[in-house]
Amino acid sequence: MSFRTVARTAVGSARASPLSPLTASLHTTAPAKFATEAPAAAATATKPPLMKTFQVYRWNPDEPQVKPRLQQYKVDLNQCGPMVLDAIIKIKNEVDPTLTFRRSCREGICGSCAMNINGVNTLACLSRMDRDPSKQVKIYPLPHTYVVKDLVPDLTQFYKQYKSIEPYLKQKTFPEPGKENLQSIEDRKKLGLAIAKIKLEMAKEG
């Protein structure tokens with residue numbers, strides 16, 4: 001038998017040989033997995049937009065001739081987080097980068113995103129949006145404060161008053177000069193419990 005005949009026979013038998021169990025499983029299970037995921041992805045992609053209108057207070061000190069006003073924005077709630085702060089961030093990132101506001105922890109602790117939402121002084125990161133598109137959301141800076149720009153209030157007086165009453169814990173002993181002020185595990189547990197209690201009370205208040 002010639003070398004060419006042997007080669008043809010080997011190739012023919014390889015083509016006719018069945019797949020191994022491992023190879024067969026790879027060829028049969030992978031398409032099935034992708035087939036089940038594809039409709040879910042398509043459903044998400046084709047989800048109709050749910051547009052909600054936001055009326056946001058705008059004022060720029062660099063343009064004193066322009067009076068304060070409410071500017072209208074529309075946000076698709078199906079492409080946005082559930083909180084008002086999520087909508088404001090989306091507006092700034094995707095619609096109007098000139099919109100100015102404060103934010104930090106996004107956990108209802110720091111108070112940076114405090115503003116007036118639909119007539120209520122609250123934190124934007126804890127204010128859940130009503131998904132009814134017919135109900136507009138009106139957002140103003142905190143009342144009874146000077147406005148630095150847009151939704152940013154001047155908190156200078158607030159911090160002066162805060163400092164004058166000293167509403168914080170004071171330790172009786174201090175570390176040596178040049179050494180770090182370390183917290184014990186017990187102190188950290190107390191802080192964590194205090195934060196958890198604050199969040200619980202805020203949740204009860206709605």
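I started with the strand pairing: S1 and S2 run antiparallel and are joined by eight bridges. Strands here are DSSP runs of E with at least two residues, helices are runs of H or I with at least four, and both are numbered from the N terminus. Two strands count as a pair if DSSP finds at least two bridges between them.

Notes on the model: it is predicted, so I kept to pLDDT of at least 70 for local features and 80 or more for side-chain atom pairs, while totals for chains, interfaces and linings use all residues. Residues are numbered from 1 along each chain as its sequence is written, and side-chain values use heavy atoms, with hydrogens and water left out.

**S1 and its partners.** I looked up Gln 55 next. Its bridge partner in S2 is Gln 72, and in S5 it stands opposite Lys 138. S1 (residues 51-58) pairs with S5 in the parallel sense over three bridges. Phe 54 has Val 137 as its bridge partner in S5. S1 is mostly covered, with seven of its eight residues buried; buried means under 20% relative accessible area, exposed over 50%, and partly exposed in between, with a 1.4 Å probe and protein chains only.

**Ile 139 and the core.** I listed the contacts of Ile 139 (heavy atoms within 4.5 Å), leaving aside neighbours within four places in sequence; among them are Phe 54, Leu 70, Val 84, Ile 88, Met 115 and Leu 151. The largest nonpolar core has 27 residues, and Ile 139 is one of those that touch the most other members, along with Phe 54, Ile 88, Met 115, Ala 124 and Leu 151. S1, S2 (69-76), H3 (84-94), S3 and S5 each supply at least two residues of this core, and H3 gives the largest share, six residues. I took a core as buried Ala, Val, Leu, Ile, Met, Phe, Trp, Tyr and Cys residues joined through side-chain atoms within 4.5 Å.
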